[in-house]
Amino acid sequence: RADVIDGEAVAASVRESVTAAVGRLGEAGVTPGLATVLMSDDPASETYVRMKQRDCEQVGIESHHVEIDTDAPQSELFATIDQLNEDPAIDGILIQRPLTEGVDEPAALRRVDPEKDVDGFHPENVGRLVTGDPRFVPCTPLGVQRLLTEAGVEIPGSDVVIVGRSELVGKPLANLLLGRDDDADATVTVCHSNTEDLANHVSRADVVVVAAGVPRLVTGEMLAEGSVVIDVGINAVGEGDDRTLVGDVDYESASEVASAITPVPGGVGPMTRAMLLRNTVNAAARQAGVEIDS
Ligand code: NAD
């Protein structure tokens, strides 16, 4: 049976090194600050923002929260972003998505100072990742990469199949793992909703990363014996008391075939949150011109 890759434990060790980095920044007179901007009534988004604030507190990052009325004009959002860009107490800016309907989301993301873009969504940071000179990389792909290295996967030369081509997960992860570093340099295949014969691709992979948003899309039958499976999906299934969270992988059957697998919850989710903290201390260090090793 597959080993369970414990995302909570790896995330805890990332938070520990972030806390140490915050300490080193403190000695240089710098307190890192993350601004969260919420313009949405979505209860899930409100929860995510609160979790991110709590995470910041835990490691000594100051969090600043701005809430914008959902019926305010988008110019108010843009003015807020401009202010945060100028504010020296703010090192990282996180625009919680999805923004309320009618707001030009790409324009909002482009407005964030690329030096404060800790989500890595600004086209400048996307371009830097694609051209092999990354600055801020989206948090979920960073978390997936770290889980692979912690699980002892020899990524260089391995066949990695990513299921999903979103800007948030699939595409940046593909670019990250195509890099030439020791924790990358893989042969990467990206599958998506128009892929013919998904099972055929998945069955040839050493590593399968699934970020499709489809409950139990990948099953044990599809996998190669001994492959490593990273399940990014978070799907709520069932109603009322039966409501639970499942991933994009059928955990039971997959763990009979894989050598290692992430659970949902407790796999990629905590890593995404931890990597946001890491990106934020890195942003603070860059802006202050302080060397930290995080
Ligand atoms: P998305 O909807 O933007 O993209 C889904 C991708 O999956 C698309 O590229 C689509 O082509 C592909 N896809 C859909 N159905 C498919 C099928 N049948 N076969 C092959 N490919 C298919 O989603 P996203 O933002 O990338 O998120 C994906 C999942 O990961 C969601 O469940 C989301 O909740 C979760 N997620 C988790 C974290 C985390 O921290 N754990 C972070 C981001 C997203």
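Biologist: Which residues are closest to the ligand, and how do you know that a residue belongs to its surroundings?
Modeller: In this predicted model, 25 residues surround the ligand, and the closest are G164, S166, H192, S193 and T272. A residue counts as near a molecule or strand if its C-beta atom, placed from the backbone, lies within 6 Å of it.

Modeller: Two notes on reading the model: residues are numbered from 1 along each chain as its sequence is written. As the model is predicted, local features need pLDDT of at least 70 and side-chain atom pairs count only at pLDDT 80 or more, while totals for chains, interfaces and linings use all residues.

Biologist: What makes up the shell around the ligand by class?
Modeller: The shell has 12 nonpolar, 12 polar and one charged residues. Here Ala, Val, Leu, Ile, Met, Phe, Trp, Tyr, Cys and Pro are nonpolar, Asp, Glu, Lys and Arg are charged, and the others, Gly among them, are polar.

Biologist: Which helix gives the most to that shell?
Modeller: Helix 10 (residues 268–288) does, with three residues. Helices (H or I, at least four residues) and strands (E, at least two) are DSSP runs, numbered from the N terminus.

Biologist: At what angle do helix 1 and helix 10 pack, and what is that arrangement called?
Modeller: Helix 1 (residues 7–27) packs on helix 10 at an angle of about 15°, and their axes are 8 Å apart. That angle makes helix 1 roughly parallel to helix 10. Angles under 35 degrees count as roughly parallel, over 145 as roughly antiparallel, 65 to 115 as roughly perpendicular and the rest as oblique. Axes are lines fitted to C-alpha atoms, for helices over the stretch in contact, and angles run from 0 to 180 degrees between N-to-C directions.

Biologist: Is the crossing of helix 1 and helix 10 left-handed or right-handed?
Modeller: Helix 1 passes helix 10 in a left-handed crossing. The term applies if the near helix is turned anticlockwise from the far one by less than a right angle, with right-handed used if clockwise. Their contact has 17 nonpolar, two polar and four charged residues.

Biologist: How does helix 2 pack against helix 10, and what is that called?
Modeller: For helix 2 (residues 43–59) the angle to helix 10 is about 55°, and the axes lie 10 Å apart. This makes helix 2 oblique to helix 10. Helix 2 passes helix 10 in a right-handed crossing.

Biologist: How is the chain divided into domains?
Modeller: There is domain 1 (29–123) and domain 2 (139–269), with C-alpha centres 28 Å apart. Those bounds come from an automatic or database domain assignment.

Biologist: What makes the bond between R97 and P98 worth a look?
Modeller: A cis peptide bond joins R97 and P98, with omega about 0°. P98 sits in the loop between strand 4 (92–95) and helix 4 (105–111). Another cis peptide bond joins V264 and P265, where omega is about -5°. P265 is in the loop between strand 11 (260–261) and helix 10.

Biologist: What is the phi of D197, and where is this residue placed?
Modeller: Phi of D197 is near 60°, a positive value in a residue other than glycine. D197 lies in the loop between strand 6 (187–191) and helix 8 (198–202).
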